[in-house]
Amino acid sequence: MATFASIRQISRQFVKREPLLKFCCFVQNESFFPSPCLDCITFASQRSYSAVSPSLHALCAKRKEAWLIEKLRKYEVLKAPAEAYDPEILTEEEIHYLKRTGEKKKNYVQVGRRGVFGGVVLNMHLHWKKHETVKVICKPCKLGQVLEYAEELARLSKGIVFDIKPNNTIIFYRGRNYVQPNIMSPADTLSKSKALEKYKYEQSLDHTSEFIEKLEKELEEYLKHKARCHKAKESEPQDFADDNGCNSTLS
């Protein structure tokens, strides 16, 4: 208990300065802490980020990245085998009519930061109980992610993607022979709480990956600067010796 208390005390000192030091501080003697609790902890005697070598920060960031990847593996869900069903053939007039009605209607389902999970598919089926179409609004959404959402939701809901708008809105059609399933939330999806946990780990992984790229650039510049300083120190004694030789010749 004393060990965990000391870890909390060290992390609280640096949580306002560096978000990465909240995850792992640098200690000189790693044997002081038990290895299961934090294997990348070292003593943080420096008060500023610039006082620590960039290579140590890069090492710590890479350890955090590996830890986050391992955490995200727990949220991977095996996809159920795709069920064979006959796609419905619609005329151009029917497609045009359903697109227009889907745009005008106000019923929609929100895909937020949690992404696609069981609750989104459940809400789609609830809307399809009274409406033929439903709009799925994806916000926030990364570039190209709306296509992944459309493909995943079509697989889970067995709906038909009619249109994808520039504002990341997808229009789904339930199908002419739609029958509401007994289990509207598929088994191969995450729950609402699990989806939120996954989102937080993904955000942390993205920020850590960007931080590692920044550290690698800083480390490269640091090594170049160190090499230039080393060459300058090596050339100084030789230049000084050459000046002494010229002075002795003139005298």
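# A conversation about one predicted model

Q: Where is threonine 133 in this structure?
A: This is a predicted model, and in it threonine 133 belongs to strand β2, which covers residues 133–138.

Q: Is threonine 133 buried or exposed?
A: Threonine 133 is buried, because its relative accessibility is 0% and buried means under 20%.

Q: Which residues is threonine 133 in contact with, leaving aside neighbours within four places in sequence?
A: The contacts of threonine 133 are Leu98, Thr101, Gly102, Lys105, Asn107, Trp128, Phe172 and Tyr173.

Q: Trp128 is on that list. What aromatic pairs are there?
A: The whole structure holds four aromatic pairs. One of them joins tryptophan 67 to tyrosine 201 in an edge-to-face arrangement, with 6.1 Å centre to centre and 75° between the planes. Tryptophan 67 is in helix α3 (residues 54–72) and tyrosine 201 is in helix α7, so the two residues are 134 apart and the pair links distant parts of the chain. Tryptophan 128 and tyrosine 178 also form an edge-to-face pair, at 5.7 Å centre to centre and with 70° between the planes.

Q: Why does the pair of tryptophan 128 and tyrosine 178 tie together separate parts of the sequence?
A: Tryptophan 128 lies in helix α5 (residues 118–128), whereas tyrosine 178 lies in the loop between β4 and α7, so the parts they tie together are 50 residues apart in sequence.

Q: Are tryptophan 128 and tyrosine 178 buried or exposed?
A: Tryptophan 128 and tyrosine 178 are both buried. Tryptophan 67, in contrast, is partly exposed, with a relative accessible area of 36%.

Q: Which residues form an aromatic cluster?
A: Trp67, Tyr75 and Tyr201 form one aromatic cluster.

Q: Changing topic: how many salt bridges does a search of the whole structure find?
A: The search finds nine salt bridges. Among them is the one between glutamate 103 and lysine 165, whose side chains meet at 2.3 Å, N to O.

Q: How exposed is glutamate 103? And lysine 165?
A: Glutamate 103 is partly exposed, with a relative accessible area of 34%. Lysine 165 is partly exposed as well, at 23% relative accessibility.

Q: Which residues are linked with Glu103 and Lys165 in a network of salt bridges?
A: Asp163 is linked with Glu103 and Lys165 in that network.

Q: What is the bridge partner of aspartate 163 in β4?
A: The bridge partner of aspartate 163 is isoleucine 171. Strands β3 and β4 run antiparallel and are joined by four bridges. Together they form a hairpin with four residues between the strands, and asparagine 168 in the turn has a positive phi of about 60°.

Q: Which other salt bridges can you describe?
A: Arginine 73 forms one with glutamate 70, where the closest N and O atoms are 3.1 Å apart. Glutamate 70 is partly exposed, with a relative accessible area of 45%. The side chains of glutamate 220 and lysine 224 meet in another, at 3.7 Å from N to O.

Q: Why are glutamate 220 and lysine 224 separated by about one helical turn?
A: Glutamate 220 and lysine 224 are four residues apart in helix α7 (residues 192–250), and therefore about one helical turn separates them. Glutamate 220 is partly exposed at 45% relative accessibility, and lysine 224 is partly exposed at 48%.

Q: What about glutamine 180: where is it found?
A: Glutamine 180 is in the loop between β4 and α7, and it is partly exposed, with a relative accessible area of 31%.

Q: Which residues does glutamine 180 touch, not counting those up to four places away in sequence?
A: Glutamine 180 touches His125 and Lys129. The side chain of glutamine 180 reaches the backbone oxygen of histidine 125 at 3.3 Å. Although these two residues are 55 apart along the chain, their C-alpha atoms are separated by 6.8 Å.

Q: Finally, what pLDDT does the protein chain average?
A: The average pLDDT is 76, and 69% of the residues score at least 70. Over residues 1–51 the pLDDT is below 50, although this stretch has 63 contacts in the model beyond near neighbours in sequence. Where pLDDT is low, the predicted coordinates should not be read in detail.

Technical notes: Residues are numbered from 1 along each chain as its sequence is written. This is a predicted model: local features need pLDDT of at least 70, side-chain atom pairs count only at pLDDT 80 or more; totals for chains, interfaces and linings use all residues. Side-chain values use heavy atoms; hydrogens and water are left out. Buried means under 20% relative accessible area, exposed over 50%, partly exposed in between (1.4 Å probe, protein chains only). Contact means heavy atoms within 4.5 Å. A salt bridge is a side-chain nitrogen of Lys or Arg within 4 Å of a carboxyl oxygen of Asp or Glu. Rings of Phe, Tyr and Trp (its six-membered ring) pair if their centres lie within 6.5 Å; planes under 30 degrees apart count as stacked, over 60 as edge-to-face and the rest as tilted. pLDDT is the predictor's confidence in each residue, from 0 to 100. Two strands pair if DSSP finds at least two bridges between them. A polar contact is a pair of N or O atoms within 3.5 Å; within protein, one must be able to donate a hydrogen and the other to accept it, and residues adjacent in sequence count only if both atoms are side-chain atoms.
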